[in-house]
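Dear colleague,

Please find below the structure that I am handing over to you.

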Amino acid sequence: MRRKLVAGNWKMHGSLAENEALLSGVLAGIGEVKVGVAVCVPFPYLAQAQARLAGSKIAWGAQNLSQHAKGAFTGEVSAAMLKDFGCAYVIVGHSERRALFGESDAVVAEKFAAAQAAGLTPILCVGETLEEREGGITEQVVGRQLDAVIAKCGVSALAKAVLAYEPVWAIGTGKTATPEQAQAVHAFIRARVRGLDAGVAKGLIIQYGGSMKPGNASELLSQPDIDGGLIGGAALNAEEFLAICRAG
Ligand code: PEP
């Protein structure tokens, strides 16, 4: 049986004071939560997350990493550095990284490999734009993004990874995929992995991300192939984030 995972993606938000308030709010209500919970914070706040969350039920991670292990890569952060701060997870291939920072499928696959080599669990994001959905190529796009990682790392690598299906048109827009739309893509992803390794497919956590809120979380999270959520905006509010966690 897969254990659901709800992860917050804080994006480029927060300050020491705001994070303190948010983390103490989430910690205060985490007792009754049954799902796995993580927060992916901006790099400068990893030490704060580690200090505040060590020993709690909440794991922490980052939102990006370098594909390189070390060297002359000014401004970059390696997987080993994330490991130094106790990260369990790192988001890889978020659509904002793909669209705004030019990360190709090949670079995303290298980042995925670098994360796993350091013992981090990558949360691999895949998803189509509105234009791609309307063009009827959602499965083609999501399949291509997934295949790039499988080609580099092998299907067995997915046994130590989390997938996040995030339709780009639903991220930060207030438009959520309907439970049926999301379930259809989740089922497609699982079937594609099943074609290569049934055991890996069965255990694979596939999160949904895209304007998940307390009001739509339980319907999305009750779909058979939706195993949690990657939460942007609602993860910045302790009560909303906890309500989503409780819906899981
Ligand atoms: C995200 O950034 O991964 C995300 C899903 O954002 P939001 O929940 O704000 O749509």
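A residue is called partly exposed when its relative accessible area falls between the 20% under which it is buried and the 50% over which it is exposed. Arg-52, at 31% relative accessibility, is therefore partly exposed, and Glu-20 is likewise partly exposed at 31%. Please note that the model is a predicted one.

The structure contains twelve salt bridges. One of them joins Arg-52 to Glu-20, at 2.8 Å from N to O. Because Arg-52 belongs to helix α2 and Glu-20 to helix α1, this pair ties together parts that are 32 residues apart in sequence.

Asp-227 and Arg-2 also form a salt bridge, with their closest N and O atoms 2.9 Å apart. Asp-227 lies in the loop between α10 and β8, and Arg-2 in the segment before β1, so this pair links parts 225 residues apart in sequence. Asp-227 is buried at 4% relative accessibility, whereas Arg-2 is partly exposed at 22%.

A further salt bridge connects Arg-98 with Asp-105. Both partners are buried, Arg-98 at 15% and Asp-105 at 17%.

Asp-105 is also among the buried residues of α5, which include Val-108 and Phe-112. The elements covering these buried residues include α3, β4 and α7.

Yours sincerely

Key:
Residues numbered from 1 in each chain as written. Predicted model: local features only at pLDDT ≥ 70, side-chain atom pairs only at ≥ 80, totals over all residues. Heavy atoms only, no water. Buried < 20%, exposed > 50% of the residue type's maximum accessible area, 1.4 Å probe, protein only. Helix = DSSP H or I, 4+ residues; strand = E, 2+ residues; numbered from the N terminus. Contact = heavy atoms within 4.5 Å. Salt bridge = Lys/Arg side-chain N within 4 Å of Asp/Glu carboxyl O.
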